[in-house]
Amino acid sequence: MDIKRVVFNPFRENTYLVWDSTQECIVIDAGNMTAGENSLLSEMISSHGLKPVMAVNTHGHFDHTGGVKWLKDEYGVQFACSSKDKFLIDGSAGGMVYGIKCNEVPAIDIDLDAVSELRFGDTLLRVIKTPGHTPGHVVLYNEATRTLFTGDTLFRESIGRTDLPGGDYSWIMKSIIEEILPLGDDVTIYPGHEAESTIGHESLYNPFIVEVLNNEINYKG
């Protein structure tokens with residue numbers, strides 16, 4: 001499985017182009033918002049000879065969905081996202097807070113709240129529900145390569161915000177502690193912002209995780 005990261009929009013959001021030997025590919029969290037960013041993503045797809053089949057979103061925030069409609073119009077891809085985040089997709093209110101006009105987002109084709117895996121080419125991604133940053137947030141795990149796309153649930157030495165509509169600290173910590181950490185220290189994480197990391201690194205150096213593991217914080221309370 002090959003992965004190419006490109007950083008889009010004013011929020012420095014990580015968009016991932018993921019493909020395998022069949023040349024079928026998916027775009028995870030398409031944050032491209034402008035004609036220039038669309039062109040860059042198109043050039044990347046073309047230069048690798050790829051066939052996009054899905055736009056997959058870890059969650060529905062506008063900085064991660066800006067390019068979904070363009071992908072659907074340009075390549076006829078299906079849009080996969082949790083229906084629990086439909087209120088975020090429909091509202092697009094988040095951008096107004098920052099003075100940004102949000103791009104239209106199409107209807108969800110594949111409800112990630114109703115499936116346990118996604119397949120493209122010869123690749124399987126396990127869909128793991130990780131509510132907390134948003135109610136419908138998911139992470140995407142490829143066991144063969146020990147790779148996890150964590151969206152805005154888990155960052156390098158940080159976690160996603162829980163003070164936005166639909167956010168909840170206890171949920172996000174439950175998701176991290178009970179769903180992500182058991183995958184194993186050697187798993188590489190590809191987050192929605194900033195640099196990649198590993199679960200092992202986060203278990204040792206992420207202050208939000210460390211304080212829970214050291215029983216300094218009771219996330220369940």
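Helix H6 buries Ile172, Met173, Ser175, Ile176, Ile177 and Ile180, where buried means under 20% relative accessible area with a 1.4 Å probe and protein chains only. Helices are DSSP runs of H or I with at least four residues, strands are runs of E with at least two, and both are numbered from the N terminus. The model is predicted, so local features need pLDDT of at least 70 and side-chain atom pairs count only at pLDDT 80 or more, while totals for chains, interfaces and linings use all residues. Residues are numbered from 1 along each chain as its sequence is written, and side-chain values use heavy atoms, with hydrogens and water left out.

An α-helix has 3.6 residues a turn, so residues three or four places apart point the same way. Helix H6 covers residues 169-180, twelve residues in number. Its first and last C-alpha atoms are 15 Å apart, close to the expected 16 Å, a span defined as 1.5 Å times one less than the number of residues.

The strands may be considered next. Six of them form an open sheet with mixed pairing, in the order E7-E8-E9-E10-E13-E14; two strands pair if DSSP finds at least two bridges between them. The edges are E7 (117-120) and E14 (197-198), each pairing on one side only. Within the sheet, E8 (residues 123-129) and E9 (residues 138-142) run antiparallel and are joined by four bridges. Val127 has Leu140 in E9 as its bridge partner.

Finally, Asn14 belongs to strand E2 (residues 13-19). Asn14 counts as buried because its relative accessibility is 1%. Its contacts beyond four places in sequence include Ile28, Asp29 and Gly192, contact meaning heavy atoms within 4.5 Å.

Definitions and conventions:
Buried means under 20% relative accessible area, exposed over 50%, partly exposed in between (1.4 Å probe, protein chains only).
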